[in-house]
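This report describes selected features of one model. Please look at the sequence and the structure before reading on.

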Amino acid sequence: MKQFTFEQKYGELWQQLDEILRELEKFRGDQRDPELLRRFNQHYRQVCSHYALARTRHYSPRLIANLHDLVLRGHHHLYTDKRMLLWKLVRFVFHDFPVTLRQDIGLFWLATALLYVPAVTLGLICYWYPDMIYSLMDYGNVSQFESMYDPENHRLGEHRGSETDLVMFGFYISNNIGVGFRTFAGGILAGVGTLFFLIFNGLHMGGIAGYLTQFGNGQPFWSFVSGHGSFELTAICICGMAGLRLGIALIATGRYRRLDALKIAARPALTLVMGAALMLVVAAFIEAFWSSLGTIPPTVKYYVAAMLWIIVISYLGLAGRRFGHQ
Amino acid sequence: MDIQDTTRTYETPEGVTLEFRVAGPVPRALALAFDTAIRFGIYYVSAIVLTTLGALGFSLFLIWMFLLEWFYPVFFEVVWNGATPGKKALGLKVVNDNGTPVGWGSSTIRNLLRAADFFPLFYGFGLTAMLLNRDFKRLGDMAAGTLVIYRPKSGQTLNIPATPPVPPPLPLSLTEQRAILDFAERGQWLSTERSEELATILQPITGAEGNNGMQLLYGYANHLHGTEAPSTDGDKQ
């Protein structure tokens, strides 16, 4: 067929598809006119075949480029997931995240071990040999921690009034989630970055815990951290787990090429990181507005902490089960 | 057939081949510089505005800075057709491996892993990965399955200059026909001297040089535009 005739015959169809695409591109809601979609499907398939014909027959580059553009735009609309964001969020929290976690539960325990074993080890060491803390941080830092958790304090943690709770909330969000993301990102370096973050943080936390407990600040310290610890520590373990997932994909690729194994592992890893980020938001909330209250007696705080731990464990262990396994 | 080796193709399930050109480290670095400057500008303005709100403002500022640091590129890549302002300025676009626009998942993965690409010294790992990878992918791109390509120019309306159609003196292969059509279509962008210079190359076929040759070639192009393809390829319609 002559190109001129070709353009005459189908030019209007291409014009219509362009209009349909413009309509699809601007409308951001979920309700679409079914007639529009039906026309889109029809037109798109036809234009695909026109494009293929134009290429095979070596029609002019301009025509091929224009048809290529239509096909590219149509391809996008046909193959993207457009379900409502809110539903996706709900499904994520109550199904996708816990299920993905349980699928790699071994990695979770590994990450937990990498965090807690150094923590407990150095904690015990610093408890019996307090001077060991100085191999981890300098005198200035240590005395800062001592004053933060001084039993004489009205408020625990950083000295602050109630309005700086807000500021600390912002700080915890930006700082802790940042740490979580970096722990995850380190995983792509064959997991080495993640290992480093987990072990380093574990040593740090454990060392401080052990030191302060023997120093006499045990009560303020533990009543402070126990509240948000459930969410925060678990979330860091999950970020570590996600990073390890990436790292292991690069090493133990199974039947895939290394790059493909990485791409395949990145999806569940992302689910885990995002879920962990949400948990860290909750942890920041608790840490900023509850943990530092000095007026609450420690036993109450410990009870609340135990409740929070039970909540975290049952959420991660049980949520999403009744939908069955993927 | 394609001389540029930065062209990548992907075949869709409809059997159509999509083409795009991947972008290297230099334009991407420039785009990054732009984006960083824009982000600092936003930080500065936000700081001024939010410090007026006291403690609440400062808290919001911290959260806002966090979101900007990690999610500024994600937002633009998904909502703004695959390009942050910096990338748009350089004519770049982020797409999936198969040419489709990025979704939230892919964009988030590639931008979270920016933290790894940043090591050891200002994108050391990222740059190394880009140079070792044939698609110029940094670590984030590899994990997310994305590419940074040059934004395809769309909606070209180049038309062949209208001259009376003249049949070519000998049968031309499809590639040769396309070359003549290409020449005619791009005639508007070339200077007259350059067009004539190119037309002179075909003097053995056209029998004319300079302006005459150019007009003759335009005549061939018009003829080809309305001509049936030769049957050598067997796909007549």
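## Two phenylalanines in loops of chain B

In which loop of chain B is the place of B:Phe136? In this predicted model, B:Phe136 sits in the loop between H6 and helix H7 (139-144) of chain B. Its phi is positive, about 55 degrees, although B:Phe136 is not a glycine. B:Phe136 is partly exposed because its relative accessible area is 21%, and buried means under 20%.

B:Phe122 belongs to the loop between H5 and H6 of chain B. B:Phe122 is not a glycine either, and has a positive phi of about 55 degrees. With 60% relative accessibility, B:Phe122 counts as exposed, since the cut-off for exposed is over 50%. Most residues other than glycine have a negative phi.

## A cis peptide bond

The loop between helix H5 (114-117) and helix H6 (124-132) of chain B also holds B:Pro120. The peptide bond that joins B:Phe119 and B:Pro120 is cis, with an omega of about -15 degrees. Most peptide bonds are trans.

## Helix H1 of chain A

Helix H1 of chain A covers residues 3-26, which makes 24 residues. From its first C-alpha to its last, H1(A) reaches 32 Å, close to the 34 Å expected at 1.5 Å a residue. At A:Tyr10, H1(A) bends by about 50 degrees.

Which residues of H1(A) are buried? They are A:Gln3, A:Phe6, A:Glu7, A:Leu13, A:Trp14, A:Leu17, A:Asp18, A:Ile20, A:Leu21 and A:Leu24. An α-helix has 3.6 residues a turn, so residues three or four places apart point the same way. The cover over the buried residues of H1(A) includes parts of both chains: helix H2 (34-56) and helix H3 (61-79) of chain A, and helix H8 (174-185) and helix H11 (210-225) of chain B.

A:Leu233 is part of helix H8 of chain A, residues 192-251. Is A:Leu233 buried or exposed? A:Leu233 is buried because its relative accessible area is 18%, and the cut-off for buried is under 20%.

Leaving aside residues up to four places away in sequence, A:Leu233 touches A:Leu115, A:Tyr116 and A:Met205. A:Leu233 and A:Ala276 are 43 residues apart in sequence, and their C-alpha atoms are 9.9 Å apart in space.

Conventions: Residues numbered from 1 in each chain as written. Chains lettered and ligands numbered in written order. Predicted model: local features only at pLDDT ≥ 70, side-chain atom pairs only at ≥ 80, totals over all residues. Heavy atoms only, no water. Helix = DSSP H or I, 4+ residues; strand = E, 2+ residues; numbered from the N terminus. Expected span 1.5 Å × (residues − 1). Bend = angle between axes of the 7 residues up to and from the residue. Buried < 20%, exposed > 50% of the residue type's maximum accessible area, 1.4 Å probe, protein only. Contact = heavy atoms within 4.5 Å.
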